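The sequence and structure come first.

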Amino acid sequence: MDVFNGANLYLIVNFVIAMSFAGVFFAVSQRSRSRAAARWIGLGFAVASLSVPAELVIAYTPFVRSGAMVAFAAVLAGLLLIRIGVGSLYNVATRPLPLAIFFVVCTAIVVAIYDVPRSTLSHSIPYQSPFAISCLLSAVAIASSSYRAAVDRWMTFIFTLTGGQFFLKAYLAATVGAGPTASDYLHSSYAVISQSLTAVLMVMTGLSLLAVLVLQIMADERSNSEIDSLSSLLNRRGFEKHAEEALRRMPIGPHSVIFCDIDHFKRVNDTYGHYTGDAVIHAVGQLLADSVPASSVVGRLGGEEFAILLPRVQLDAAMLLAHAIRAAIAVHKGSSIPDTLSITASFGVSTFSERGQFARAMRLADNALYDAKAAGRNCVKHRLEPLAIVPAVG
C-alpha cells in the first residue's frame, strides 16, 4: 500500500497545516476583540481538515462513496465557516440560512453526479464550483466592508485567487486526469498538483487572516496603553499623540488649549478617602468629554490635571467653553460623590495659530492655570503669546 506517495504526503501535510491554523486561531481568539470571528475561522480550518482522513478512506477502504461525500462536505463546510468568520471580522452581515441551503444543494448535486467520470468537465465543474463560490463570497464580503487598509485589499486578492484556483482545478481534472473513480484520485498526477496548490493557498490564506487579527490586537494594545483607566480619557502620552494627529489634519488655526485642575483635590482624598477621590476624577473626566466638540482631544495629564485641545476654536469661544465647564463642575453630583462634597476647578486657556506652536501654547495654558489658582481658584484665566516689539525706523 503506497501510503507515502506524493499525493498522500501532501494530504498529511495539509492536515497538519489546517489543524495547526485551527489551534492558532482558537489561541488568538483569547486576546482578540474579534473573538467570534477567530473561532469561526479556526473551526473552518478544523472542519476542512477532516477531508484528509476521508480521502484516505476513499483510497484504502471499501467505503469509497461515503468517504467521497464526507471529503466534499468537509471542505465546503470549512470554507463556509471561514466565510462566517470573515463576515464577523469585517462587520459584514452574514445570513447562515442561505449558506446552509447552499451547502445542502451543492452536496446533493455532488451525490447526483457521483457516477459521472471524474476526469470530465461534467463532474469537475459542479464539484469544484461550490468551493470557488465560497471563497469568492469571502472576497466580496471583505470588498464590501468599510475596511480599506492594504492588508484588507490583500485579503480580497487572496480569497479571489483561492476561488480562481478551484476553477483551475476543474479544468486540470479534465485535462490532466483525476482518475476515472474517486478511489483512483490519490494515485493520479492531478492529486499531487491539487494538494500542492491547496497547501500553498491554505498557508497564504491562514497567514493573511492571522495577520489581520494580530494587527487588530496590536492596535488594541496601543490604544489601551494610551487610555487612563481611572478617567477613561487619554493619558498624557495618548493626549500628545492624538493632539499631534489632529493638528496634522488641521495645521492652520486658530486653535485653543484648555488646562483644568480640580481645586484642593488633596483635601478631597484626605477627608473623603481615595475611593471618593477616584470618583471625582472619573466624574470630571466624563463631564469634560461630554462638553467638548467631537473634533476635540481630551486627556488626563496626571493627578487631578486635565487638558483639552480645541482645533479651529478661537480664544473667545474657548474661554466661554471653559466658563461653562467650570460652572457645570460646580453643580455636578456623581452617584459616588457625597452630597456634602463641593467640587470646583480652575482653568487656564491659551491659543495658537500653527501646529509648531502647540508646545508653547501648552506652557501658556499651564501658566494661565497657575494664574487662576493664585486668583482664588474656581475661575478661568488666559495667557497669550507676548507680542514682538518692532523698533521704530527713522
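## Surface patch

L9, I12, F15, V16 and M19 make up a nonpolar patch on the surface, and together they have about 390 Å² of accessible area. The model is a predicted one.

One member of the patch, M19, is located in helix 1. M19 counts as partly exposed because its relative accessibility is 37%, which lies between the cut-offs of 20% and 50%.

## Overall content

The protein has 13 helices and five strands. Of its 394 residues, 47% count as buried. The protein exposes about 18,800 Å², and carbon and sulfur atoms supply 64% of that area.

Among contacts between residues at least 6 apart in sequence, 72% join residues at least 24 apart.

In soluble globular proteins, nonpolar side chains tend to be buried together. In this model the largest nonpolar core has 50 residues, and those touching the most other members are F25, F45, V86, Y90, F131, F159 and L209. At least two residues of this core come from each of helix 1 (6–28), helix 2 (35–49), helix 3 (51–60), helix 4 (64–89), helix 5 (96–112), helix 6 (121–143), helix 7 (150–177) and helix 8. Helix 4 supplies the largest share, 14 residues.

With neighbours within four places in sequence left aside, L209 is in contact with F25, I41, I82, V86, L89, M155 and F159. Apart from this core lies another, of 33 residues, including I262, V280, A322 and I325.

## Q216 in helix 8

Helix 8 spans residues 189–225 and contains Q216. Is Q216 buried or exposed? Q216 is buried, because its relative accessible area is 9%, under the 20% cut-off.

The side chain of Q216 makes a polar contact with the side chain of S32, at 3.0 Å. Not counting residues up to four places away in sequence, Q216 touches S32, R33, S34 and L89. L89 is also listed among the contacts of L209.

## H123 in helix 6

H123 belongs to helix 6. With a relative accessible area of 4%, H123 is buried, since the cut-off for that class is 20%.

Which residues is H123 in contact with, leaving aside its neighbours within four places in sequence? They are I113, V116, P117 and R118.

Terms used: Residues are numbered from 1 along each chain as its sequence is written. This is a predicted model: local features need pLDDT of at least 70, side-chain atom pairs count only at pLDDT 80 or more; totals for chains, interfaces and linings use all residues. Side-chain values use heavy atoms; hydrogens and water are left out. Helices (H or I, at least four residues) and strands (E, at least two) are DSSP runs, numbered from the N terminus. Buried means under 20% relative accessible area, exposed over 50%, partly exposed in between (1.4 Å probe, protein chains only). A polar contact is a pair of N or O atoms within 3.5 Å; within protein, one must be able to donate a hydrogen and the other to accept it, and residues adjacent in sequence count only if both atoms are side-chain atoms. Contact means heavy atoms within 4.5 Å. A nonpolar core is a set of buried Ala, Val, Leu, Ile, Met, Phe, Trp, Tyr and Cys residues joined through side-chain atoms within 4.5 Å. Patches are made of residues with over 30% relative accessible area and no salt bridge: like charges are joined within 9 Å, nonpolar side chains (Val, Leu, Ile, Met, Phe, Trp, Tyr) within 5 Å. Accessible areas come from the Shrake-Rupley method with a 1.4 Å probe; for residues, only the protein chains shown count as cover. A salt bridge is a side-chain nitrogen of Lys or Arg within 4 Å of a carboxyl oxygen of Asp or Glu.
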